[in-house]
Amino acid sequence: SLADALSRNTRLTALDLSNCSIGDVSAKQLSAALADNATLFELNLSYNKLGRQGLMDIAKALSTNVGLKSVSLASHRVDSSVAHAYVQMFYTNVTLLTLTWDVNLPAFNLKLTEMINRNNEINRLLLEGKDYRPKLPLEMKDDPPELVERLVPEMGDEEFGMELGGAGTTLWCSVSGRWELG
């Protein structure tokens, strides 16, 4: 399955699963693979069939994920319980730089924006070789994570793809400058 392949993934850096009819059961399986995956930089789950539980499972996975820089959840209904799960996720995730979704919950918009801005500031300091620890959330100050600069590979780099099935079977294709699994 895709979740199994992602759990073994060491090369695929962007995955577009938009408009694939992914529901809550598939999101739970995907979340298990994402929780410890440090290779993916970008994930697009827009225009699927994710409900409250699927979105919350993704949030839980992101709380321990240190690879994803961008996640798109456009078109999914976000209520206050889902928004709260993402606020909680940002207390332990300092690497997610972009979260795209349709949310109109004034009570959460400012807090989520502050947390995304904090992560972008941490990333900027890291790239400049400066101390990022003062920007970490209070919950991480006693045991700060060791963050390292990570560069997204260039399109066409033969080292990147995803092995599926037997040895030597690599599945990847280039679509609009992104790696797509299909």
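1. The largest pocket holds about 230 Å³ of space. A pocket here is an open set of points on a 1 Å grid over the protein atoms alone, where a 1.4 Å probe fits, with protein on both sides within 12 Å along at least five of seven lines. Lining residues have an atom within 4 Å of a point. The lining has nine nonpolar, three polar and four charged residues.

2. This is a predicted model: local features need pLDDT of at least 70, side-chain atom pairs count only at pLDDT 80 or more, and totals for chains, interfaces and linings use all residues. Residues are numbered from 1 along each chain as its sequence is written, and side-chain values use heavy atoms, without hydrogens and water.

3. Helix H2 (residues 24-34) packs on H3 at an angle of about 0°, the axes 8 Å apart. H2 and H3 are therefore roughly parallel (angles under 35 degrees). Asp 24, Ala 27, Lys 28, Leu 30, Ser 31 and Leu 34 of H2 meet Gln 53, Gly 54, Asp 57, Ile 58 and Ala 61 of H3 (contact: heavy atoms within 4.5 Å). By class, this contact has five nonpolar, three polar and three charged residues.

4. Helix H3 (residues 52-62) also packs on H4 (residues 80-90): their axes come within 8 Å and cross at roughly 5°. That makes H3 roughly parallel to H4. The H3–H4 contact has nine nonpolar, one polar and one charged residues. Among them are Leu 55, Met 56 and Leu 62 in H3, and Val 82, Tyr 86 and Met 89 in H4.

5. The structure holds five salt bridges (a side-chain nitrogen of Lys or Arg within 4 Å of a carboxyl oxygen of Asp or Glu). One pairs Arg 52 with Asp 79, the closest N and O atoms being 2.5 Å apart. Arg 52 is in H3 and Asp 79 is in the loop between strand E3 (70-72) and H4, 27 residues apart.

Terms used:
Points joined across faces, edges and corners; volume = space filled by probe spheres on them. Nonpolar A, V, L, I, M, F, W, Y, C, P; charged D, E, K, R; others polar. Axes fitted to C-alpha atoms, helices over the stretch in contact; angles between N-to-C directions. Helix = DSSP H or I, 4+ residues; strand = E, 2+ residues; numbered from the N terminus. Parallel < 35°, antiparallel > 145°, perpendicular 65-115°, else oblique.
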